[in-house]
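Here are my notes on this model, as numbered points. Please read them with the coordinates open.

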Amino acid sequence: MRTSQFLLATAKETPADAEIVSHRLMLRAGMIRKLAAGVYSFLPLGMRVVHKIANIVREEMDRIGGLEILMPMVQPAELWQESGRWEDMGPELARFRDRHERDFCLGPTHEEVVTDIIRNECHSYRQLPVVVYQIQTKFRDERRPRFGIMRAREFIMKDAYSFHVDQASLEKTYRDMHQAYEAILRRLSLEYRAVAADSGSIGGSTSHEFHVPADSGEDEIVFSTGSDYAANIELATGGVPDAVDDAEPLDCEAVDTGAAATIEEVCTLLEVEPRRLVKILIVHAADEKGTPGDDLVALLLRGDQTLNETLARQIEGVGSPLRFADDETIRERLDCAPGCLGPVNSLGIRTIADPSVTGMKNFICGAHRAGHHLVNANWERDCRYDEIAHVRTVREGDISPDSKGTLTVRRGIEVGHIFQLGTKYSEALGASVLNEQGKSTVMHMGCYGIGVTRFAAAVIEQYHDERGIVWPDSVAPFHLIIVEIDAHKSEQVREQAEALYRQAQAAGIEVLLDDRDRKTSPGVKFAESELIGIPHRLVVSPRALADGGVEYTSRRSGEKSIVAADAAIAMIADLLTAS
């Protein structure tokens with residue numbers, strides 16, 4: 001491709017709303033252009049990268065036996081009503097009506113549609129397992145789209161779905177998919193972490209997220225320094241380093257703390273650190289449907305710790321979504337103001353303690369009496385809890401749950417998520433087959449997503465410098481750029497550049513020839529080649545030719561050298577083969 005025939009839409013200035021590196025560089029390099037909030041057009045340079053990523057994903061899906069299909073982006077409401085998600089999905093689901101007043105939505109995901117396909121096409125266990133996937137546009141009406149294509153409303157995604165006669169078959173495909181995702185990330189030259197994750201609104205019993213560590217990431221991921229333990233911070237557990245208390249029990253007394261009600265106020269008044277306190281949070285228990293009901297549950301944490309709502313709502317009997325009791329409800333039901341609540345015997349509701357508090361001695365807590373707190377309280381003698389469960393958010397330096405090393409917390413960009421869905425959708429939509437005994441059995445499902453366009457941004461977040469993007473060879477829009485300098489003055493320069501261009505094409509190297517005329521200065525050509533991040537550059541100039549060849553520059557290392565013109569393309573081919 002020649003720049004004279006290519007829409008190279010680079011820009012010198014960065015829009016003020018471009019907050020992160022990938023957003024800034026994709027706009028400046030002419031990869032994307034904003035149409036509306038969270039909606040972007042992909043220009044030729046950007047599409048070349050997206051195609052490269054999609055092809056890598058497609059090859060790895062095919063390698064594990066995936067069958068490519070294409071499902072409609074527009075989906076009828078009836079399917080979503082069958083699964084129960086028409087109301088559950090909330091405002092992210094973009095709904096509309098056609099001219100016949102029939103309800104539809106723009107697909108944010110395709111569990112319902114694919115289950116409808118398989119329930120109509122598969123009737124026997126002999127047809128299973130089956131894995132289908134698509135690479136297609138999705139739309140989610142994000143409340144706050146930001147960071148360019150990192151959190152866009154419209155995006156390209158690979159979503160795969162598997163169907164099985166039993167859980168064992170599902171688990172095998174899940175492992176295969178996990179390995180396929182790792183292969184994709186390696187081919188994209190990305191540093192990554194696979195972490196245990198919450199299944200969220202998609203559902204299912206087991207899921208893993210694949211994160212690319214980056215300061216711009218919206219998620220926090222936790223991993224051990226001494227083992228392979230890794231989890232999203234929403235699911236991470238660990239030990240508190242200073243949890244052990246060997247002190248002898250002291251006499252407990254109720255002290256007047258007046259209007260002091262918050263952790264900070266009580267600590268200031270009593271001149272103690274927050275870790276000496278046990279705080280109590282009151283949430284609603286689950287009703288018969290699993291949603292927050294009228295009954296209450298008490299959650300106990302150390303005063304310096306933070307509640308992990310994801311862990312809390314996963315406790316059986318705790319309402320989901322988590323709903324905190326308001327002050328009026330607490331006063332009416334527990335006969336005490338919230339600021340003085342304590343895990344004393346008179347509390348009278350189910351009480352769950354985080355492991356960080358169960359070993360505490362001589363602690364401070366509410367006395368369950370207006371304006372008073374207990375000092376030197378101890379478990380069993382003065383206070384109680386009914387059960388133990390992890391409900392706190394881990395922190396940097398906590399002890400790994402397997403006791404091997406400590407926990408490190410980093411920010412990460414989620415680029416993939418795999419789920420064991422079980423029978424959530426197949427049961428709701430009546431997707432069953434006859435098993436080996438001839439009996440009808442509901443199919444087990446898996447769901448596996450990758451953000452294809454988000455991958456492009458994630459690669460840039462890991463591969464850039466002060467001059468622009470530094471693409472790995474596997475996804476670079478072009479492998480090689482040939483830059484002509486002073487071709488209008490030297491016929492030899494033009495002829496040599498053309499010869500190199502034809503040789504590169506013949507060798508199967510994706511090449512861009514910068515053949516722009518003298519109105520484009522050498523400095524602009526060099527700056528733009530570095531901005532768009534093409535890995536290899538050959539400069540054909542009168543000076544280089546006089547030195548016996550052409551100038552080669554590696555975008556990654558910045559090293560320059562003069563190579564013989566007749567050996568330059570073979571050298572590039574060797575570098576690409578080795579990468």
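1. D159 stands opposite G449 in β23. Eight bridges join β8 to strand β23 (residues 444–451), and the two run antiparallel. Strands here are DSSP E runs of at least two residues, helices are H or I runs of at least four, and both are numbered from the N terminus. Two strands pair if DSSP finds at least two bridges between them.

2. Some ground rules. This is a predicted model, where local features need pLDDT of at least 70, side-chain atom pairs count only at pLDDT 80 or more, and totals for chains, interfaces and linings use all residues. Residues are numbered from 1 along each chain as its sequence is written, and side-chain values use heavy atoms, with hydrogens and water left out.

3. K138 has F155 of β8 as its bridge partner.

4. How enclosed is strand β8 (residues 154–164)? Ten of its eleven residues are buried, so β8 is largely enclosed by the rest of the structure. Buried means under 20% relative accessible area, exposed over 50%, and partly exposed in between (1.4 Å probe, protein chains only). Of the 579 residues of the protein, 53% count as buried.

5. Next, the nonpolar cores. A core is a set of buried Ala, Val, Leu, Ile, Met, Phe, Trp, Tyr and Cys residues joined through side-chain atoms within 4.5 Å. The largest has 66 residues, and M31, I53, M61, F455 and W471 have the most contacts inside it. Helix α2 (residues 44–63) gives the most to this core, with eight residues. Apart from it lies another core of 26 residues, including V114, Y161, M443 and M445.

6. F455 deserves a look. Leaving out residues up to four places away in sequence, F455 touches I53, I184, L185, L188, L190, V415 and I450. Contact means heavy atoms within 4.5 Å. Among contacts in the protein between residues at least 6 apart in sequence, 70% join residues at least 24 apart.

7. There is also an open sheet of four strands, ordered β14-β15-β16-β19, with mixed pairing. Its edge strands are β14 (278–286) and β19 (387–388), each pairing on one side only. Strands β15 (residues 292–302) and β16 (residues 350–353) run parallel, joined by four bridges. L299 stands opposite I352 in β16.

8. Finally, the overall figures. The protein has 16 helices and 30 strands. Its C-alpha trace spans about 95 × 65 × 45 Å along the principal axes.
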